[in-house]
Amino acid sequence: MAKVIGISGSLRTRSLNAALLRVAAGLAPAGTTIEIESIKGIPLYDGDVEASTGIPAVVASLKDRIAATEGLLLVTPEYNNSIPGVFKNAIDWLSRPADDIPRVFGGLPVGIIGASPGRFGTLSSQTAWLPVLRALGAQPWFGQTFYLGGASRLFDASGALTDEDTRKRLQGYLAGFAEFVGATPRRR
């Protein structure tokens, strides 16, 4: 059984990306589970805080869960053609202290998907994640892409995905990513 941690990069309760992550967790292929985690409560990174009080408990707990998983699914919004600050901030905390990066991210298979009301989905944000993942020693999956543009029309008020073609594309992405996770041993 492959375990994947899924994280939405938005804090909004009715976020399209949080909805996409919930749908993805429900569509995980047989033999794979996607456990939804949150970046809510992670403070702004401050080196003085790290030096004086250490890693916040919310960060340490998420780091341990990521270190114990076989894969990571980042579900990223796109703000101003790039990574949302709150999401990047969470990853910055998760990479502290630097000598812990191999334990948390070393060789970790990472998939990136995202939803946006805009026409191009989250193409720019997903591309902006690649140098970050490279710096962390993670293994991004390039087998397929999943950019969901016009997403506000594809979810109902409860956050359910209403478009069957999108559901099938997401299932295909998740099946490929699960296969990649199974074939990529972690290097730590």
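Hi everyone. Before I start, one definition: when I say that two residues meet, or are in contact, I mean heavy atoms within 4.5 Å. And please keep in mind that this is a predicted model.

Let's begin with a pair of helices. Phe-87, Lys-88 and Ile-91 on the α4 side meet Trp-129, Val-132 and Leu-136 on the α6 side. Sorted by class, that contact has five nonpolar residues, one charged residue and no polar ones. Now for the geometry. Two packed helices are described by the angle between their axes and the distance between the axes. Here α4 covers residues 85–94 and α6 covers residues 123–136, and their axes come within 12 Å, crossing at roughly 5 degrees. Angles under 35 degrees count as roughly parallel, so α4 is roughly parallel to α6.

Staying with α4, let's look at the loops on either side. On the way in, from β3 (71–75) to α4, the loop contains Asn-80 and Asn-81. How accessible are they? Exposed means over 50% relative accessible area, so Asn-80 counts as exposed at 77%, and Asn-81 counts as exposed at 57%.

On the way out, the loop between α4 and α5 (101–105) holds Pro-97. The peptide bond joining Arg-96 and Pro-97 is cis, with omega at about -15 degrees. That's a spot to look up if you have the structure open.

Next, empty space. Rolling a probe the size of a water molecule over the atoms shows where such space is left. How many cavities of 30 Å³ or more does the structure hold? The count is one. The largest cavity has about 40 Å³ of space. Its lining is made up of Val-4, Thr-32, Ile-34, Leu-73, Leu-174, Phe-177 and Ala-178. Which element gives the most to that lining? That would be α7, with three residues. Both β2 (32–37) and α7 (164–183) supply at least two residues each. By class, the lining has six nonpolar residues, one polar and no charged ones.

Last stop, also in α7: Glu-164. With a relative accessibility of 43%, Glu-164 counts as partly exposed. Glu-164 and Pro-29 are 135 residues apart in sequence, and their C-alpha atoms are 17 Å apart in space.

How values were computed. Residues numbered from 1 in each chain as written. Predicted model: local features only at pLDDT ≥ 70, side-chain atom pairs only at ≥ 80, totals over all residues. Heavy atoms only, no water. Axes fitted to C-alpha atoms, helices over the stretch in contact; angles between N-to-C directions. Helix = DSSP H or I, 4+ residues; strand = E, 2+ residues; numbered from the N terminus. Parallel < 35°, antiparallel > 145°, perpendicular 65-115°, else oblique. Nonpolar A, V, L, I, M, F, W, Y, C, P; charged D, E, K, R; others polar. 1 Å grid on protein atoms, 1.4 Å probe; cavity = no way out; pocket = protein on both sides within 12 Å on 5 of 7 lines; lining within 4 Å. Points joined across faces, edges and corners; volume = space filled by probe spheres on them. Buried < 20%, exposed > 50% of the residue type's maximum accessible area, 1.4 Å probe, protein only.
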